[in-house]
Amino acid sequence: MRAVQISAPGHPPVMAERTMPTPRPHETLVEVLAAPITPLDLLCASGTSYFGVPKTPYVPGVQGVGTVGGRMVWFPTSAGMAPGDGSMAEIASVPLADLVELPAGADPVGLAALGLSAVAAHLALTWRGELAPGEQVVVLGAGGVVGQAAVQLARIAGARRVVAAARSAAGRERARRAGADAVVTLDTEDVTELAVRLTAALDGPADLVLDPLFGAPAAAAARTLRSGGRLVHLGGSASETCPLDSATLRGKSLRLLGYTNNELSPGQRTAALTLVAEQAALGRLAVDHESVPLDDAGAAWRRQAAGTTLGRIVLTTTGLIGQ
Ligand SMILES: NC(=O)c1ccc[n+]([C@@H]2O[C@H](COP(=O)([O-])OP(=O)(O)OC[C@H]3O[C@@H](n4cnc5c(N)ncnc54)[C@H](OP(=O)(O)O)[C@@H]3O)[C@@H](O)[C@H]2O)c1
């Protein structure tokens with residue numbers, strides 16, 4: 001079968017002919033339709049992730065959409081985080097318990113683009129962040145996939161006002177299209193200036209900040225929170241550190257919360273993915289994405305790593321023909 005292969009950590013993947021996987025007990029073969037290239041895939045393949053240096057060669061892809069016996073399913077894998085192969089292949093072997101059946105007529109590419117990024121946005125907002133109807137939310141990095149999904153999912157969860165913040169003009173445009181009430185530009189490291197901009201866009205103090213960036217944007221957004229407000233941190237796209245000041249944290253008894261998909265129970269992940277699929281089917285949830293044939297994965301991987309795409313790249317197999 002055709003598959004994307006990482007031969008050495010830190011090197012771009014190449015297409016390869018691989019033998020078909022043999023399912024272990026309690027696994028089944030999935031005919032892959034679509035697999036996104038996510039920041040987690042790039043990080044794991046770099047060999048610098050907190051999961052350690054992956055054993056090579058391996059097929060990357062921490063999630064995908066495919067079919068089993070004609071039924072469309074979404075599935076996760078632990079490729080790059082633990083030994084074993086992932087979704088960027090024509091066939092993947094997946095534990096039966098991890099399959100999430102998708103509604104009839106689901107768009108496999110659109111759902112692959114949403115996938116775990118939307119799961120993280122939803123559960124960071126609602127489970128970790130305890131978003132209540134009528135609250136005001138700040139979404140940082142709102143031009144990214146997590147951010148676009150979070151703007152829409154915050155609204156679905158009943159937020160009264162969603163203020164988005166993004167660095168690039170394209171990111172700000174994506175945030176607007178996702179339905180943000182106001183969009184703030186993140187083009188400086190000046191925490192005070194960013195806090196002034198966010199405050200001007202808010203209608204009083206924020207209740208909740210969703211933070212996939214860290215760095216100056218997170219420190220600024222923390223300053224806009226009300227007493228007892230929550231900041232849920234789930235990614236370091238801007239920085240590995242954050243210049244958060246002590247007075248902001250203690251002065252308002254803020255709650256700083258970390259979030260990772262890797263701590264979810266299979267039941268939580270399935271329920272969240274099902275909600276994502278339902279909202280996507282209703283036309284309320286979508287993120288910008290590009291569809292690229294699996295055979296062009298090498299160039300697509302480099303473009304996703306460079307951030308020069310029109311959204312999340314989703315690799316598609318010939319299995320999509322006729323879907
Ligand atoms: N904890 C979890 O379970 C979990 C799950 C999913 C994702 N994540 C993490 O969440 C983060 C976002 O994921 P994603 O899928 O949304 O990634 P993405 O689609 O690649 O978007 C990343 C965004 O980061 C923005 N950005 C990068 N550097 C920036 C800077 N210096 N200042 C401001 N903005 C900056 C970019 O904004 P512009 O487009 O405006 O340049 C881009 O839109 C990643 O770190 C990812 O690993 C964590």
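Helices and strands are DSSP runs, numbered from the N terminus; a helix has at least four residues and a strand at least two. The model described here is predicted. In this numbering, the protein chain has 9 helices and 15 strands.

The overall form comes first. Computed along its principal axes in the computed sense, the C-alpha trace of the protein chain spans about 60 × 40 × 35 Å. A compact globule of 323 residues would have a radius of gyration near 20 Å, and the protein chain has 20 Å, so the two agree. The protein chain is divided into two parts: domain 1 covers 2-101 + 288-320, and domain 2 covers 117-262. Between the C-alpha centres of domain 1 and domain 2 the distance is 29 Å.

A ligand is present, and both domain 1 and domain 2 give residues to the shell around the ligand, so the ligand lies between them. That shell holds 28 residues, of which Ala120, Gly144, Val146, Gly171 and Gly235 come nearest. Helix H1 (39-46), helix H2 (108-128) and helix H3 (145-156) are the elements that each give two or more residues to the shell. Sorted by class, the shell has 14 nonpolar, 13 polar and 1 charged residues.

Next comes a sheet. Strands of a sheet pair through backbone hydrogen bonds, either parallel or antiparallel. Here, 6 strands form an open sheet in the order E10-E9-E8-E11-E12-E13, and the pairing is parallel. Strand E10 (182-185) and strand E13 (255-258) stand at the edges; each has a single partner strand, so one side of each is left without a neighbour in the sheet. From one strand to the next, the twist averages 20 degrees. Helix H5 (residues 191-201) packs on the sheet, where it touches strand E8 (136-140), strand E9 (161-166) and E10. The direction of H5 makes about 170 degrees with that of E10. Elsewhere in the sheet, strand E11 (residues 206-211) and strand E12 (residues 225-233) run parallel and are joined by 5 bridges. Within this pair, leucine 208 stands opposite arginine 230 in E12.

Two backbone details remain. Most residues other than glycine have a negative phi, and most peptide bonds are trans. The peptide bond from threonine 56 to proline 57, however, is cis, with omega near -5 degrees. Proline 57 is placed in the loop between H1 and strand E4 (63-68). Phenylalanine 214, a residue other than glycine, has a positive phi, near 65 degrees. Phenylalanine 214 is in the loop between E11 and helix H6 (215-223).

Key
Residues numbered from 1 in each chain as written. Predicted model: local features only at pLDDT ≥ 70, side-chain atom pairs only at ≥ 80, totals over all residues. Pairing = 2+ DSSP bridges. Axes fitted to C-alpha atoms, helices over the stretch in contact; angles between N-to-C directions. Contact = placed C-beta atoms within 7 Å. Near = placed C-beta within 6 Å. Nonpolar A, V, L, I, M, F, W, Y, C, P; charged D, E, K, R; others polar. Domains from an automatic or database assignment. Rg over C-alpha atoms; globule rule 2.2 N^0.38 Å.
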